[in-house]
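Here is a short report on a predicted model. Please have the structure open while reading.

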Amino acid sequence: MPRRYLEAPGDHARLCGTVVITMATIQECREALDRLSDNLARADEGVRGAAAFDRSLSCHITDLDQTFTGRLQAGRIRVDALTPGPPADKAEIRLAMTGDDLVALVAGELKFAKAWASGRVRLEAGFRDLLRLKSML
């Protein structure tokens with residue numbers, strides 16, 4: 001679902017209801033990951049404790065076909081690289097979603113459980129990691 005709608009200029013938009021749909025940029029996705037990292041660092045003890053493990057992480061932005069890779073370490077997300085296409089290596093925690101969904105999740109406009117259940121967000125990790133992540137999400 002697109003995040004922003006901008007009406008086309010002029011009488012054409014008024015008469016025809018034309019909209020131009022924009023999507024999140026790579027910069028907005030990077031900023032969302034940084035905000036998520038900051039949120040984890042400021043979280044209460046229970047959430048911060050659950051996030052305080054050391055795992056490789058990838059987040060594939062499907063609509064832009066770009067992958068952020070890095071680590072979830074000491075309750076923060078550290079982004080090390082951005083590469084085109086799906087992740088080249090298999091990270092211990094793997095996320096995949098559209099840029100709009102990433103921005104909406106971090107902004108609190110989209111609930112993780114609903115997005116995951118509907119297939120809008122994919123999360124792959126080992127069983128023990130999934131149990132720990134569950135308490136964060």
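## Around H60

Leaving aside neighbours within four places in sequence, H60 is in contact with D65, Q66, T67, G85, P86, P87, L95, A96 and M97. One of these contacts is polar: the side chain of H60 meets the side chain of D65 at 3.0 Å.

H60 is found in strand 3. Its relative accessible area is 10%. The cut-off for buried is under 20%, so H60 counts as buried.

## The largest nonpolar core

The largest nonpolar core has 28 residues. I93 and L102 have the most contacts inside it. Several elements each supply at least two residues of this core: helix 2 (26–42), strand 3 (55–61), strand 4 (66–73), strand 5 (76–84), strand 6 (93–97), helix 4 (99–107), helix 5 (112–117) and strand 7 (122–125). Helix 4 gives the most, with five residues.

In soluble globular proteins, nonpolar side chains tend to be buried together.

## Around I93

What is I93 in contact with, leaving aside its neighbours within four places in sequence? The list is F53, R55, S56, L57, S58, L72, L123, E124, A125, D129 and L133.

## Helix 4

Eight of the nine residues of helix 4 are buried, so this helix is largely enclosed by the rest of the structure. The buried residues are G99, D100, D101, L102, V103, A104, L105 and V106.

G108 follows helix 4. The phi of G108 is positive, near 85°.

Conventions:
Residues are numbered from 1 along each chain as its sequence is written. This is a predicted model: local features need pLDDT of at least 70, side-chain atom pairs count only at pLDDT 80 or more; totals for chains, interfaces and linings use all residues. Side-chain values use heavy atoms; hydrogens and water are left out. A nonpolar core is a set of buried Ala, Val, Leu, Ile, Met, Phe, Trp, Tyr and Cys residues joined through side-chain atoms within 4.5 Å. Buried means under 20% relative accessible area, exposed over 50%, partly exposed in between (1.4 Å probe, protein chains only). Helices (H or I, at least four residues) and strands (E, at least two) are DSSP runs, numbered from the N terminus. Contact means heavy atoms within 4.5 Å. A polar contact is a pair of N or O atoms within 3.5 Å; within protein, one must be able to donate a hydrogen and the other to accept it, and residues adjacent in sequence count only if both atoms are side-chain atoms.
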